[in-house]
Amino acid sequence: MHDWGPAEELLAHAVIGFAVERLQLGKDPRWGARSAAELERQLAGLVTERGAGGIEALRRFRDVLLPACRPLDHPLALAYVPGAPSVAATLFDLVVSSCSIFGGHWESGAGAIAAENQALRWLADLAGYPDTSAGVFVQGGSAANLSALVAARHRAATGRDRPPRWRMAVSDAAHASIDAAARVMDVDVLRVPVDDADRMTGPALRAALDSDRHGGEGVFAVVASAGTTNAGAIDDLAGLADVCAARGLWLHVDGAYGGAALCAPSVRHRLDGIERADSFGVDPHKWLFTPYDCAALLYRDPTAAVAAHAQHAAYLDGIDRHESNPSDLAFHLSRRARGLPLWFALATYGTDAFRDSVETTLATAWGLADELARRPAFELLVEPELSVVLFRRRGWSADDYGAWSTTRAREGVALVLPTGWRGEVALRVCVTNPRTELDDLVALLDDLERFPGAGAPAFS
Ligand SMILES: *Cc1c(COP(=O)(O)O)cnc(C)c1O
């Protein structure tokens with residue numbers, strides 16, 4: 001298993017060759033999930049006492065397993081928050097795997113960590129964070145949110161009695177992972193209502209704290225969204241920062257999706273105030289063209305994070321605690337240096353290329369919004385702040401949306417899923433791929449106008 005011989009040579013060419021070929025081939029948007037029973041049948045005979053051999057396993061992966069995975073980097077994969085990894089970032093992910101780097105501690109991963117820190121510094125500078133800030137790449141936005149909130153509570157718990165219940169203030173539109181973090185941490189959530197455009201404002205937060213029947217007791221953090229998943233709405237970060245500063249609350253900004261907008265001059269001002277957040281997260285695997293999985297978590301002052309997360313034991317005491325140890329900044333110990341593909345792409349293409357690619361996706365999304373506003377068959381539900389466009393096909397029922405969405409996904413035309421907006425069904429398009437063309441989105445609108453739904457005249 002560890003020696004290198006002719007069989008390994010052959011397997012290496014087959015595997016690397018496949019990866020290079022796969023990168024160049026267009027993705028088939030008809031690919032997607034199959035039943036577990038069918039896939040189990042297709043997997044038969046591979047994992048046995050003697051194995052089936054790498055070439056056969058690779059063949060099965062190429063022909064059966066990969067086509068059972070939906071390619072979210074297809075230009076018309078517009079549901080969820082899709083991703084579109086660059087060529088350089090994807091290639092470098094292969095390199096990271098081949099180097100067997102333990103990225104948890106400086107001692108074992110200094111070179112990789114220094115490069116990751118350079119990529120984190122780019123994000124910190126975009127946000128206006130001081131030189132003393134520090135960050136770490138974790139698996140995803142959910143992990144980033146949880147790790148930041150654990151640090152926040154640790155700071156709040158230091159040097160004072162514990163309240164009966166810890167709580168955090170969260171808007172109605174915050175991502176599901178915040179509720180998940182609250183469950184993991186066994187803390188309660190103080191709900192803050194959003195405005196018409198799904199934003200949490202400073203005054204709304206102040207009102208929620210003031211009218212709280214527990215007088216705000218036990219509240220240790222406020223979680224703001226820089227780009228809600230459903231609508232791309234950006235909370236009033238400066239207003240929230242004022243309230244947090246006045247009340248000694250930790251402000252965490254969840255920018256898993258929208259944090260990428262920090263590098264886009266056309267929308268950067270909408271994130272003003274983020275420099276005052278105690279922590280923020282951005283998922284490069286969403287809108288910064290990096291393969292899964294890669295989420296950046298930054299702390300304005302890492303002291304509380306280190307106090308909350310650093311693991312101590314006799315077998316760990318040898319590490320140099322004065323250096324940058326990513327393990328200390330989140331809930332993990334062993335870690336892949338998963339920020340390296342982003343770093344390599346930044347070094348390959350330059351930061352301007354990231355700016356231009358994000359701006360391209362914004363222009364495409366806003367072009368779609370303009371087109372929707374021109375067409376009487378549609379209702380644009382909210383003026384897009386980022387690259388999420390929410391709209392309604394007038395006269396359609398939930399079944400009509402479902403029928404169109406399922407049909408077009410099955411045909412491989414596009415992946416657009418319905419969502420909810422103010423209690424009604426709506427369509428949601430999220431553009432994170434610079435190769436998504438406005439013309440193709442306009443063609444989807446034509447298709448929506450013609451689609452024979454129950455509420456619309458057929459073949460009109
Ligand atoms: C996607 C998303 C998350 C979760 O990120 P994962 O990387 O999927 O764990 C959290 N917050 C927001 C706003 C998101 O869009």
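Tutor: Happy to! A polar contact here is a pair of N or O atoms within 3.5 Å; within protein, one atom must be able to donate a hydrogen and the other to accept it, and residues adjacent in sequence count only if both atoms are side-chain atoms. With that in hand, D283 has a polar side-chain atom 2.6 Å from an oxygen atom of the ligand. Of the ligand's 380 Å² of exposed area when taken alone, the protein buries 87%; accessible areas come from the Shrake-Rupley method with a 1.4 Å probe, and for residues only the protein chains shown count as cover.

A word on the source: this is a predicted model, in which local features need pLDDT of at least 70 and side-chain atom pairs count only at pLDDT 80 or more, while totals for chains, interfaces and linings use all residues. Residues are numbered from 1 along each chain as its sequence is written, and side-chain values use heavy atoms, with hydrogens and water left out.

Back to the ligand. S142 places a polar side-chain atom 2.7 Å from a ligand oxygen atom, and an N or O atom in the side chain of T229 is 2.8 Å from an oxygen atom of the ligand. In total, 14 residues surround the ligand, the closest being G141, S142, D254, D283 and K286; a residue is near a molecule or strand if one of its heavy atoms lies within 4 Å of it. Sorted by class, this shell holds nine polar, three charged and two nonpolar residues. In that count, Ala, Val, Leu, Ile, Met, Phe, Trp, Tyr, Cys and Pro are nonpolar, Asp, Glu, Lys and Arg are charged, and the others, Gly among them, are polar.

Which helices contribute? Helix 6 (141-157) and helix 10 (284-287) each give at least two residues to the shell, and helix 6 has the largest share, with three residues. Helices (H or I, at least four residues) and strands (E, at least two) are DSSP runs, numbered from the N terminus.

Now for a strand. Strand 1 (residues 134-138) is largely enclosed by the rest of the structure, because four of its five residues are buried; buried means under 20% relative accessible area, exposed over 50%, and partly exposed in between (1.4 Å probe, protein chains only). Strand 1 pairs with strand 7 (residues 295-299) in the antiparallel sense over five bridges, where pairing requires that DSSP finds at least two bridges between two strands. Within this pair, A134 stands opposite Y299 of strand 7.

Charged pairs round out the picture. The whole structure contains 36 salt bridges, each a side-chain nitrogen of Lys or Arg within 4 Å of a carboxyl oxygen of Asp or Glu. In helix 3 (residues 54-65), E56 and R60 sit four residues apart, about one turn of the helix, and form a salt bridge whose closest N and O atoms are 3.0 Å apart. E56 is partly exposed at 22% relative accessibility, whereas R60 is buried at 14%. D328 and R321 also join in a salt bridge, at 3.0 Å from N to O; D328 is buried at 6% relative accessibility and R321 partly exposed at 30%. In helix 13 (residues 351-374), E371 and R374 are three residues apart, about one helical turn, and their side chains meet in a salt bridge at 2.9 Å, N to O. E371 is buried, with a relative accessible area of 14%, while R374 is exposed at 59%. Finally, salt bridges that share partners link E56, R59, R60, R62 and D63 into one network.
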